[in-house]
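Let's take a walk through this structure together. Have a look at the chain from end to end, and then we'll stop at a few spots along the way.

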Amino acid sequence: NKVEEESFEVGMRQNAMEFRAHDVDDSETLDFHEFCAFIREREEGEHGPAELRARFDAIDEDMNNKID
């Protein structure tokens, strides 16, 4: 469906812009602190350090402490 494809594309562009905005050291990756700021800005509610670390580790597939 054309509308769904356009909506997906807009969402992906928005995600990329938000990712870049939180990449404060321009490394094209998010370290744990940048990731925490990214999640806390995007999602409502409390996000404790243990929850954020678990989420970060689940995404960091190559275990290099960075999310590409």
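Predicted model: local features only at pLDDT ≥ 70, side-chain atom pairs only at ≥ 80, totals over all residues.

Read along the sequence, the chain goes α-α-α. Residues are numbered from 1 along each chain as its sequence is written, and side-chain values use heavy atoms, with hydrogens and water left out.

Now for the overall picture. The C-alpha trace spans about 40 × 30 × 20 Å along its principal axes. The chain has 68 residues, and 24% of them count as buried; buried means under 20% relative accessible area, exposed means over 50%, and partly exposed is in between (1.4 Å probe, protein chains only). As for the accessible surface, it comes to about 5300 Å², with 52% belonging to carbon and sulfur atoms (areas come from the Shrake-Rupley method with a 1.4 Å probe; for residues, only the protein chains shown count as cover).

What about charges? There are 8 positive and 21 negative ones, and their mean positions lie 2 Å apart. Here Lys and Arg count as positive and Asp and Glu as negative, while His and the chain ends are not counted. Each charge is placed at NZ of Lys, CZ of Arg, CG of Asp or CD of Glu.

Next, contacts, meaning heavy atoms within 4.5 Å. Among the contacts with a separation of 6 or more, 35% are between residues 24 or more positions apart. Leaving aside neighbours within four places in sequence, Ile-59 touches Phe-35 and Ile-67. At 45% relative accessibility, Ile-59 counts as partly exposed.

Met-63 lies in the segment after α3 (49-59), and its phi is near 55 degrees, a positive value in a residue other than glycine. Why point that out? Most residues other than glycine have a negative phi. Is Met-63 buried or exposed? It counts as exposed, because its relative accessibility is 62%.

Asn-65 is found in the segment after α3 too. This residue is not a glycine either, yet it has a positive phi of about 65 degrees. With a relative accessibility of 46%, Asn-65 counts as partly exposed.

Notes: Helix = DSSP H or I, 4+ residues; strand = E, 2+ residues; numbered from the N terminus.
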